[in-house]
Structure formats: structure tokens, C-alpha cells
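Biologist: I would like to go through this model with you, one question at a time. Please give the cut-offs as the terms come up.

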Amino acid sequence: MASATEQAPEPATEPVAVRPRRRVLRTVGLIAVAAVLGLVGGTAVGYRIQADREPTPLPPLNQPGLAYPAKPLPKGEEPAPLSAAEDRQAKTDGDLRKLLLPRPAGARADGPEGWQSLAGYVNGFTRPEGALEFQLDQGIRRIATRAWRVGEYKRVEVHLVQYRANSGIGALEHVKSQQRLAIGQSKSDSLGKPVKGSENGRYFVYPVDRRAGYLDLYEARAFIQRGDIAITILMSDTRKITESEIRSLAERQLGRL
């Protein structure tokens, strides 16, 4: 940004009359002090008068019956508290790692397992610096991850990314941004398909990526938001991935929340 250089004012050719100005400032200062003293004195008198008066009662509320229910329910008819299985907040505020999909039989661990650091998580993005800034802006709280491999080449990675409640809609913003990227990629041939049981979750199956000297690469992804948690599922294989595979994983992981 260019900065403008200000020219210093030229020195005055006549001597400054200092003494008269001091007298004026002194007079103005005395008036200001008197005004302040007057305000303080008036305020003190006002407080004294108010202290000697009887307290003024507040007016009644215009809507007195705001409690719910309006009348207490009879004994024995109170609603039962939610169980831990029904209370989603109780589940998600607990150990998030327990909500991850378990590895299928015969699969072996391959990559992050359990709590994952923010640095490790954003390193999986094409632009880690931008991903880090975005996640911090959205109020990221913690990340639980599980990754496994089936056979020689089939790999699955699941992330549960939780955001702070006071961050607004961090989970939704994260899911929407990932869905936009998935739709905008040149190798994506569709807008994805909705995940059953989710208001905004979508899964994507990509066409094969063939390159000379490399094995064929097939990919599928799912991005779902449930409350303050963003679900990400990544699948890759050298063989075709069916829609039912990624859809089943997405629905099962959503069901655990």
C-alpha cells in the first residue's frame, strides 16, 4: 500500500503570543472544572434524594403464565427423561471415538486411529494452510478418526469432526464446503445422492482415474452433518466401488450419532 508523505508546515515568521493564550486556556479550564463540580454535586444530591425515597415497585408482567407446562403435571404423569441412547447430546459430548464405525471383520488398521490432531487432519487437504484457517474460523473442537484396509488396495477412512456450540454452524459449513468441492471436481459426474436419514448428507461415486504406469483408481466419498458433528467418509480401491458400499457406510455411521 502506497503511503502519502505529508509536508511539514513552514515555521511561523512571527513569534507566538504565548501568555495571552495561557490566560484564555486557564479561564476555560476554570469554567470546565466548575461545570464538572456542578455535575458531580447535582448527581450526589440526586442520589441522596433517591436513597431517602421508598423503592418504586416494578409493574406486573404482561404475560404472567410463561412457564411450561402452565400447570404441573400430576404425579406419575411426568415425561420420562431421555435415555443415553436417545439423548444425542449426551452421546456426542462423551467419548467421540466410541461413535466411530468399527473396523469390519478381516480389516486391519491403516492410518490414524482414535483422537487426531488438527495438524494431522489438515495435512490431508490439498491446501493445508487454507484448511487450517478455515477450521479455526469455524470453531473446531476435536477430531476422531478411524482408517482401515481390506485386502491389498481397498482403504476406508472415517472422520468425526466436532465443532464448538458457540461457533454457530461450523459442522454444516464444513460439510457444504466439501460437497461443493466434490461437485466441482472435473472427475465428478454427478451432484451426489442424498444419504437416508440426513437433511443434507450426500455421497459421491467417481469414475475410474486411469494414468499410464499406475493402477486404476476408484474413489467414493460421503459428507454428512448431524448437529455439531461433520462426518467424512473416504473410500479408495483399484476395483470399482459400488454405490451400495458407500451408501451403507454413510447410513451406518450416521445411525451411530
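Biologist: Is Ala109 buried, partly exposed or exposed, and with what relative accessible area?

Modeller: First, this is a predicted model, in which local features need pLDDT of at least 70 and side-chain atom pairs count only at pLDDT 80 or more, while totals for chains, interfaces and linings use all residues. Residues are numbered from 1 along each chain as its sequence is written, and side-chain values use heavy atoms, with hydrogens and water left out. Buried means under 20% relative accessible area, exposed over 50%, and partly exposed in between, with a 1.4 Å probe and protein chains only. Ala109 is partly exposed, with a relative accessible area of 47%.

Biologist: In which strand is Ala109 found, and which residues does Ala109 touch, not counting those up to four places away in sequence?

Modeller: Helices (H or I, at least four residues) and strands (E, at least two) are DSSP runs numbered from the N terminus, and Ala109 is found in β1, residues 108-115. The C-alpha atoms of Ala109 and Trp148 are separated by 4.4 Å, although the two are 39 residues apart along the chain. Counting contact as heavy atoms within 4.5 Å, and leaving out residues up to four places away in sequence, Ala109 touches Arg103, Ala147 and Trp148.

Biologist: How many helices and strands does the chain have, and in what order do the elements run?

Modeller: The chain has six helices and seven strands. From the N terminus on, the order is α-α-β-α-α-β-β-α-β-β-β-β-α.

Biologist: Why do the buried residues of α4 line one face of the helix?

Modeller: The buried residues of α4 (128-138) are Ala131, Gln135 and Gln138. Seen down the helix axis, they fall within an arc of 65 degrees, so they line one face of α4; the arc is that of the directions from the helix axis to the C-beta atoms. On the other side of α4, the exposed residues are Glu129, Glu133, Leu136 and Asp137. The buried residues pack against α3 (118-122), β2 (140-150), β3 (154-163) and α5 (170-184).

Biologist: Is His174 buried or exposed, and which residues does His174 touch beyond four places in sequence?

Modeller: His174 lies in helix α5. The relative accessible area of His174 is 2%, so this residue is buried. Not counting residues up to four places away in sequence, His174 touches Tyr121, Phe125, Phe134, Gln135, Tyr163, Ala230 and Thr232.

Biologist: Which residues touch the most other members of the largest nonpolar core?

Modeller: A nonpolar core is a set of buried Ala, Val, Leu, Ile, Met, Phe, Trp, Tyr and Cys residues joined through side-chain atoms within 4.5 Å. Of the 26 residues in the largest one, Leu160, Ile231, Ile233 and Met235 touch the most other members. At least two residues of this core come from each of β2, β3, β6 (218-226), β7 (229-237) and α6 (243-255).

Biologist: Which residues are included in the second, separate core?

Modeller: The second core has 14 residues, among them Ile143, Val175, Phe223 and Ala230.

Biologist: What is the volume of the largest pocket, and which element gives the most to its lining?

Modeller: On a 1 Å grid over the protein atoms alone, a pocket is an open set of points where a 1.4 Å probe fits, with protein on both sides within 12 Å along at least five of seven lines, and lining residues have an atom within 4 Å of a point. Grid points are joined across faces, edges and corners, and the volume is the space filled by probe spheres set on the points; for the largest pocket this is about 780 Å³. Of the 29 lining residues, Gly124, Phe125, Thr126, Gln178 and Arg221 are the closest to the centre. The element that gives the most to this lining, with five residues, is α5.

Biologist: Which element gives the most to the lining of the second largest pocket?

Modeller: The second largest pocket has a volume of about 150 Å³, and its lining includes Trp148, Lys154, Met235 and Arg252. Two or more lining residues come from each of β2, β3 and α6. With four residues, the element that gives the most is α6.

Biologist: How far apart in space are Arg202 and Arg221, C-alpha to C-alpha?

Modeller: Arg202 is found in strand β5, residues 202-205, and is partly exposed, with a relative accessible area of 25%. Arg221 is among the residues that Arg202 touches. The two are 19 residues apart in sequence, and their C-alpha distance is 8.5 Å.
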